[in-house]
Amino acid sequence: AMDAVRVLVTGAAGQIGYALVPMIARGMMLGPDQPVMLHMLDIPAAAEALNGVKMELIDAAFPLLKGVVATTDVVEACTGVNIAVMVGGFPRKEGMERKDVMSKNVSIYKAQASALELHAAPGCKVLVVANPANTNALILKEFAPSIPEKNITCLTRLDHNRALGQISEKLNAHVSSVKNVIIWGNHSSTQYPDVNHATVTTRNGEKPVRELVANDEWLNKQFITTVQQRGAAIIKARKLSSALSAASSGCDHIRDWVLGTPKGAWVSMGVYSDGSYGIPAGIVYSFPVTCKNGEWSIVQGLKIDEFSRVKMDATANELVEEKSLAYSCLN
Ligand code: NDP
């Protein structure tokens, strides 16, 4: 029998956590044959709710689930984990300054980085979901210097999937026939959803999205703002932020990273920039990537037009600013 993979979920008593843990236990993250051990962390105020989630996981009798650790102790939570999904974070409350939220999250991510560095399994792969996701991932990288930077990523797959969904709806084409959209940059409203390289598989072969939609006005305006503002639209409708789609895309992110992207397709991941496409090195930026043998690599050589360039740089600038704000919180 295969050894169980230990998967950490922080903020596990929250609403994304509640949607995510059953997906992991069902094999949606690591495949239908891979046993898992769930490590769930939350803060003491959420300990009772966390224990309730543990009870439900037991009650669901998931065949792949080999055990559950539910704890408020960060060291216990991080010990031996192979995958870490960081959902816990300090929410932005009304009237709070950006700097105050940043400062809270910097201290959370600094502490959790140290625990992962000391106690996670070698080769542990980290996915940061909690906002500001890119900058939280950067802080985690800074304070876990022995974890290779290649192993620390943030979630923009939800934005990527939202872009696929919008194109699919527009063309009345199945979402699985649409591929190779790109989310560039920050998981924030400055992100740039790019369809210039996206295609749809039709009866007559693969066709560019631009050709099929045949409406540049819609693609350059409404499409982009709809994807950028989708999170806010869901909050407005549900009175709660997106949870099932965030959880599902977190599973997609890890699954493709570990098991590989399909031939001819790429996905978007927030990764440590190496300067590709003229994006400053040293920030966590969302790029198109392919994955193989458990490693991502940035898709190279895509042609970038002037319209895209401006948007890619604007979201990079926001991340450079966030980085300096985060560093100013460290002192
Ligand atoms: P959610 O489960 O809804 O969200 C968790 C985090 O994911 C938030 O930072 C949220 O950002 C972020 N996020 C990123 N992308 C998305 C997306 N596309 N849609 C929605 N959210 C997204 O929050 P809850 O408040 O329900 O749960 C958070 C849990 O974390 C709680 O159980 C709490 O106890 C715990 N927590 C842990 C801390 C710690 O580890 N020290 C500190 C504080 C809380 P955004 O806020 O911008 O929506």
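# Close-up views of a predicted model

**View 1. Helix H1 against helix H10.** H1 and H10 cross in a right-handed sense. Keep in mind that this is a predicted model. H1 spans residues 15-25, and its partner H10 takes in residues 244-259. Two numbers are enough for a packed pair of helices: the angle between the axes and the distance between them. Here the angle is about 40°, and the axes sit 8 Å apart. An angle under 35 degrees would count as roughly parallel, so H1 and H10 are oblique to each other.

**View 2. The shell around the ligand.** How many residues are around the ligand? There are 27, and the ones that come nearest are Gly11, Gly14, Ile16, Gly88 and Gly89. Helix H1 turns up again in this view: with three residues, H1 gives the largest share of the shell. Sorted by class, the shell splits into 14 nonpolar, eleven polar and two charged residues.

**View 3. Helix H6 against helix H9.** What angle do the axes of H6 and H9 make where they cross? It's roughly 135°, with the axes coming within 9 Å of each other. Antiparallel would take an angle over 145, so H6 is oblique to H9. The crossing is right-handed. For picking the pair out, H6 runs over residues 157-171 and H9 over residues 222-238.

**View 4. A cis peptide bond at Pro132.** Most peptide bonds are trans. The one from Asn131 to Pro132 is cis, though, with omega near -5°. Where does Pro132 sit? Look in the loop between strand S5 (125-128) and helix H5 (133-142). Asn131 also has an entry in the annotation, as the next view shows.

View 5. Negative phi is what most residues other than glycine have. Ala214 lies in the loop between helix H7 (209-213) and helix H8 (216-220).

**View 6. The two annotated domains.** UniProt, again in an unreviewed entry, puts "Lactate/malate dehydrogenase N-terminal" on residues 5-152. That stretch is 41% helix and 19% strand, and its end C-alpha atoms are 18 Å apart. The record places "Lactate/malate dehydrogenase C-terminal" on residues 156-324. Over this second stretch the chain is 46% helix and 21% strand, with 21 Å between the end C-alpha atoms.

**View 7. Confidence in the model.** How far can you trust the close-ups? Where pLDDT is low, predicted coordinates should not be read in detail. The chain has a mean pLDDT of 97, and 100% of its residues reach 70 or more. For the model as scored, ipTM is 0.91 and pTM is 0.97.

Methods
Residues are numbered from 1 along each chain as its sequence is written. This is a predicted model: local features need pLDDT of at least 70, side-chain atom pairs count only at pLDDT 80 or more; totals for chains, interfaces and linings use all residues. UniProt positions are given in the numbering used here, feature names are shortened, and annotations may be inferred rather than shown by experiment. Helices (H or I, at least four residues) and strands (E, at least two) are DSSP runs, numbered from the N terminus. A residue is near a molecule or strand if its C-beta atom, placed from the backbone, lies within 6 Å of it. Ala, Val, Leu, Ile, Met, Phe, Trp, Tyr, Cys and Pro count as nonpolar, Asp, Glu, Lys and Arg as charged, and the others, Gly among them, as polar. pLDDT is the predictor's confidence in each residue, from 0 to 100. Axes are lines fitted to C-alpha atoms, for helices over the stretch in contact, and angles run from 0 to 180 degrees between N-to-C directions. Angles under 35 degrees count as roughly parallel, over 145 as roughly antiparallel, 65 to 115 as roughly perpendicular and the rest as oblique. A crossing is left-handed if the near helix is turned anticlockwise from the far one by less than a right angle, and right-handed if clockwise.
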